[in-house]
Amino acid sequence: MLTLDKIYQAAFTLKPVARRTDLLYAPNLSHDTQIYLKTENLQVTGSFKLRGAYNKIASLTEEQRTAGILACSAGNHAQGVAMSATMMGLHSIVCMPDGAPISKVEATKRLGAEVRLVPGTYDDAYETALALQKETGATFIHPFNDELVIAGQGTIGLEILDQLPEVDAVIVPVGGGGLIAGVACAVKSLNPRVKVYGVQAKNAPSMARSREMDEIVTLDTVATFADGIAVKTPGSLTYAMTKQYVDEVVTVSEDEIAAAILALIEQQKLIAEGAGAVSVAAAMFGRLPIEGKKVVCVVSGGNIDVNILSRVITRGLVMGGRNSVLQIALEDKPGQLLGVSRIISECGGNVVSVHHERSDANMAIASCFLKIGMETRDFEQIRTIKARLTEAGFRIVSDRAQEL
């Protein structure tokens, strides 16, 4: 099993390569918890993965290096391996799922790796990489189920305790489990009173399910935009370490992840990918017993595709009551739209889109549906607008913000 000495050795190895990322106080993310952000999204390559990849590759023998470097990844480990191998003058091949964000694929290529896209999920890319290893004899760098990789990730735990000695809890994103295994080992070894919590996407709960069943569980499917933690099967080593060191693993929804990404952008001016924001989502939405505590959320990565980011922001606005679409049944006569827009304006809302629907078979011939998009401050303002519209005699058919 991994020892604290190996994590300290990894810290020494990584000193000239990896950044000691900042720990930022984030008072606006929670009213009843002191939240700090460990900003691994600002790490070299945009995620924590460089730590484990470099530590592993630096330990290889000359023979292992000469055989070439092989890896599989949804994107962040790929970049860590590519950069590390290139820095050491080694050829690397990375198998990635064909659904990986284009930005991560292109970044991996720019860092010097040969990328092979594999149909399916991370687990399919993993199987392809194993087959390729048998064929070529290349040295495989596992993204999480490797002691030296875990040791590299564990250096984050050392930094957290050094930056905030009085920390009460650390919240860590969980996919295959390499990050939380390393962080938890370092933190618990140095200060057993500190709680360590893991967070997964509700649609990819492999580690949470495994802990519930008290055995490693392989999910049939995973479906989350948090691609960095979309793993069907946790590692055997990481599962054992999680059982030993981690207090609890919880899950968060896609909407909660989106809301956390938006909050990080607005409140902290930080860009996080879905996997990187799950720790913040768990803190924001009360998934853990951390009220009144000093809590560090590890923001594990910031490599989010801009197209996905746009959709995530829209979903986050809806989740926060900042964006709403009302469908209103109107009599098809002059002045109706003016009446609706006047009420919204008087309540402080801002109309951003308007659509009339006259062809619905369920409506009366002399009526229409008005679908109106609004920018609002919060859900309370939406409720006020709806109440005023109802008082004025308008019938609200649906409210998209409420449905979501």
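The predicted model contains an open sheet of six strands, ordered β1-β2-β10-β7-β8-β9 with mixed pairing. Strands here are DSSP runs of E with at least two residues, and helices are runs of H or I with at least four, both numbered from the N terminus. Two strands pair if DSSP finds at least two bridges between them. Strands β1 (23–25) and β9 (248–252) stand at the edges. Each has a single partner strand, so one side of each lacks a neighbour in the sheet. From one strand to the next, the twist averages 25 degrees. Angles run from 0 to 180 degrees between N-to-C directions, with axes fitted as lines to C-alpha atoms, for helices over the stretch in contact.

Residues are numbered from 1 along each chain as its sequence is written. Local features need pLDDT of at least 70, side-chain atom pairs count only at pLDDT 80 or more, totals for chains, interfaces and linings use all residues, and side-chain values use heavy atoms, without hydrogens and water.

Strands β7 (residues 169–173) and β10 (residues 294–299) pair in the parallel sense over three bridges. Ile171 has Cys297 of β10 as its bridge partner. Helix α7 (residues 147–163) lies across β1, β2 (34–39), β7 and β10. The helix runs at about 135 degrees to β2.

Strand β8 (residues 195–201) holds Gln200. A polar atom of the Gln200 side chain lies 2.9 Å from the backbone nitrogen of Ala208. Beyond neighbours within four places in sequence, Gln200 is in contact (heavy atoms within 4.5 Å) with residues including Val174, Pro205, Ile229 and Val250.

Note on methods
Polar contact = N/O pair within 3.5 Å; in protein donor to acceptor, adjacent residues only side chain to side chain.
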